[in-house]
Amino acid sequence: MKKIIFLVLLSFSTLAGQKEALEAIQKTAMALKKELQSAMKVSPVNAIEVCNTKAMPITKKYHSKGIEVGRVSLKNRNPDNTVKDWMKETIDAYESGSNKKGYSVVRISNNQSGIIKPIKTMPLCLNCHGSNIKPEVSARINKLYPADKATGYKTGDTRGYFWATFKTK
């Protein structure tokens with residue numbers, strides 16, 4: 001009986017952590033979108049500047065006790081946004097088309113899990129991530145991100161992934 005109660009409590013704890021992690025991803029996505037949409041009203045070059053200076057602080061703002069949030073991509077712009085080992089199998093499944101879920105939960109260790117959620121390319125994203133980038137935008141991207149790989153996308157493409165880790169008991 002004690003074992004059953006323990007497993008039920010463990011399940012609730014894991015679900016609560018998962019819910020908090022998903023909320024952190026959602027808040028991060030909305031804050032980044034709002035900031036970039038505002039910057040794009042000025043210009044795509046301005047959006048590149050905002051992304052360069054504000055994306056990481058916005059992401060870190062939504063870290064909380066036991067939860068970390070971030071973004072990764074196989075074609076990353078920021079060299080800090082590379083795929084971590086625990087993400088590879090799940091991201092490969094998304095990339096191959098065998099995983100079509102809105103998000104996936106991955107067990108990292110006995111006391112930690114992670115969530116991977118695809119980021120879809122929207123029309124506005126094409127100003128900086130598409131194939132026909134204006135020369136002044138391209139020049140600014142090359143200056144700020146000399147090893148940039150995050151271009152050539154079309155609307156609807158998976159451009160990257162939000163991730164969050166959370167504690168499990």
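Q: What is the volume of the largest pocket in this structure?
A: A pocket is an open set of points on a 1 Å grid over the protein atoms alone, where a 1.4 Å probe fits and protein lies on both sides within 12 Å along at least five of seven lines. Points are joined across faces, edges and corners, and the volume is the space filled by probe spheres set on them. In this structure, the largest pocket has a volume of about 1000 Å³. The model is predicted, so local features need pLDDT of at least 70 and side-chain atom pairs pLDDT 80 or more, while totals for chains, interfaces and linings use all residues. Residues are numbered from 1 along each chain as its sequence is written, and side-chain values use heavy atoms, without hydrogens or water.

Q: Which residues lining the largest pocket are closest to its centre?
A: A lining residue has an atom within 4 Å of a point. The lining of the largest pocket has 37 residues, and Leu36, Arg71, Ile119, Cys125 and Arg159 are the closest to the centre.

Q: Which element gives the most to the lining of the largest pocket?
A: Elements are DSSP runs numbered from the N terminus: helices (H or I, at least four residues) and strands (E, at least two). The helix α1 gives the most to this lining, with eight residues. The elements that give two or more residues include α1 (2-40), β3 (112-120) and β4 (158-167).

Q: How many helices and strands does the protein have, and in what pattern?
A: There are five helices and four strands, and along the sequence they follow the pattern α-α-β-α-β-β-α-α-β. The C-alpha atoms fill a box of roughly 65 × 30 × 25 Å along the principal axes.

Q: Which residues of α2 are buried?
A: Buried means under 20% relative accessible area, with a 1.4 Å probe and protein chains only. In α2 the buried residues are Pro44, Ala47, Ile48, Val50, Ala55, Ile58 and Thr59. Of the 169 residues of the protein, 38% count as buried.

Q: How many bridges join β3 to β4, and how many join β1 to β4?
A: Two strands pair if DSSP finds at least two bridges between them. Nine bridges join β3 to β4, and five join β1 to β4. β3 runs antiparallel to β4, and β1 also runs antiparallel to β4. Thr165 in β4 is the bridge partner of Gly114, and Tyr161 in β4 stands opposite Val72.

Q: Is β4 mostly covered or uncovered?
A: β4 is mostly covered, with eight of its ten residues buried.

Key
Buried < 20%, exposed > 50% of the residue type's maximum accessible area, 1.4 Å probe, protein only.
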